[in-house]
Amino acid sequence: MSTTPPTPDLLTAARSRGATRERAREAIGLQISIFAFVLAALVALPVFGLRAAAIAGPDSLGQFVALMSAVTAIVVFVLGRIIAADPAREKRLGVLDIIDIAAFAFAHAMISLLGWTLAATIMEQGLLGAVVYPIPVLTLAGAAAALTAYVTYYSATHLDLQLLATVLAVFLVLGILASMLTASDPQWWKENLSALGMTDDLSARAFNLTLIVAGILVTTLARYATRGIPTTHPRGVVAVRTCLVIVGIFLGLVGVFPVDQHFALHTGVASGMVVAYAVLVVAIRRWIPGVSRTFVLLGYVFILLILLLSVFFAVGYYTLTAVELVAGTVVFSWIILFIRTADALKRDAERETSDGDTRRKSP
């Protein structure tokens, strides 16, 4: 079993066009996974010293796996983007491109960290009092790192709009869920969702950082999703992109300005995010006439749902936390659906253009 990193020949083949491109990439992915398995097992050897380890908690196998997988995800994602780069395009990366790569690498790392932590916590609850013996400690540590490396590598080399949207959704869900489960105040939900970011503990910092990185991801998706959308409106694409970017920037600022320290700014950017979303829903059909009526109607239903829940909060029937959770869910569900809609519009336009060229060339 070889543990050597990908060879230059494989890298060249993976970057080249042709029938063997996917097979070369797959070979590199397997090599990276094997290397990650061996490296994680070797690192775990001095860390645990051939001793049994707890499943979750401080100095546990779960903690080691989560940290090792997070580091693995960052390194493998960057390597995957290098491999996926097209050598025919000699365009140097700009500042925004570097920020995009860093944000998505961090998102993959956080998904790995939180995902393995939650998995270990659940396993510990199902196996109360159990420990992991020395040899399984090394094997499981290597297997987790290998799986993380393979999934991250696939994501990095096959990155498209739908996968980006999935990464955003998973990252947000895991980040907020982890903050909820580790909050120092178990009664935080009686105030509002932003109460998760009010304290100085690790949970609050994780919550605020989750919002900041999610905001960067939304702005990235806004730039890629709106590129090339067919529309008859001269400024339609720019208007849609602007609204989405505003949503992303304001989401990040919600994490930058905790509610207990900057109440006015926090409330202002949170409200502005909802306003930008509402403007986008109302004007989307005028800016991009190709979107379906069903999608437009769904946007109106989402807005009415948010307004209804706000009324329930005003009369004391719902807590603010419930309103924020539902509002956040429907807003990001709409954004993900919009990304899929935009991708479908672009694919249809490309297919029509291709069919038109074929008809013109035919005798």
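**Exercise 1. Decide whether A278 is buried, exposed or partly exposed.**

*Solution.* A278 has a relative accessibility of 24%. Buried would need a value under 20%, and exposed a value over 50%. A278 therefore counts as partly exposed. As for where to look, A278 is in helix 9. Keep in mind that this is a predicted model.

Now pick a partner for it. The C-alpha atoms of A278 and C243 are separated by 9.4 Å, with the two residues 35 positions apart along the chain. C243 is one of the residues that helix 8 brings to its contact with helix 9, which takes us to the next exercise.

**Exercise 2. Work out how helix 8 and helix 9 are arranged, and what sort of residues make their contact.**

*Solution.* Start with the geometry. Helix 8 covers residues 236-256 and helix 9 covers residues 263-287. Their axes come within 9 Å and cross at roughly 160°. Angles over 145 degrees count as roughly antiparallel, so helix 8 is roughly antiparallel to helix 9. The crossing is left-handed.

Next, go through the contact. Helix 8 supplies residues including G236, V240, C243, V247, F250 and V254. From helix 9 come, among them, H266, V269, G272, M273, Y277, L280 and W287.

Finally, sort the contact by class: 19 residues are nonpolar, three are polar and none is charged.

**Exercise 3. Look at phi for L50 and D59, and say where each residue sits.**

*Solution.* Begin with the general rule: most residues other than glycine have a negative phi. L50 has a phi near 55°, a positive value in a residue other than glycine. D59 likewise has a positive phi, near 55°.

Then place them. L50 is in the loop between helix 2 (21-48) and strand 1 (53-54). D59 is in the loop between strand 1 and helix 3 (61-84).

Last, check the accessibility. L50 has a relative accessible area of 53%, so it is exposed. D59 is at 66%, so it is exposed too.

**Exercise 4. Classify L297 by accessibility and find how far it is from V282.**

*Solution.* L297 belongs to helix 10 (residues 293-314). Its relative accessible area is 53%, so L297 counts as exposed. From the C-alpha atom of L297 to that of V282 is 9.7 Å, and 15 residues separate the pair along the chain.

Conventions
Residues are numbered from 1 along each chain as its sequence is written. This is a predicted model: local features need pLDDT of at least 70, side-chain atom pairs count only at pLDDT 80 or more; totals for chains, interfaces and linings use all residues. Side-chain values use heavy atoms; hydrogens and water are left out. Axes are lines fitted to C-alpha atoms, for helices over the stretch in contact, and angles run from 0 to 180 degrees between N-to-C directions. Helices (H or I, at least four residues) and strands (E, at least two) are DSSP runs, numbered from the N terminus. Angles under 35 degrees count as roughly parallel, over 145 as roughly antiparallel, 65 to 115 as roughly perpendicular and the rest as oblique. A crossing is left-handed if the near helix is turned anticlockwise from the far one by less than a right angle, and right-handed if clockwise. Contact means heavy atoms within 4.5 Å. Ala, Val, Leu, Ile, Met, Phe, Trp, Tyr, Cys and Pro count as nonpolar, Asp, Glu, Lys and Arg as charged, and the others, Gly among them, as polar. Buried means under 20% relative accessible area, exposed over 50%, partly exposed in between (1.4 Å probe, protein chains only).
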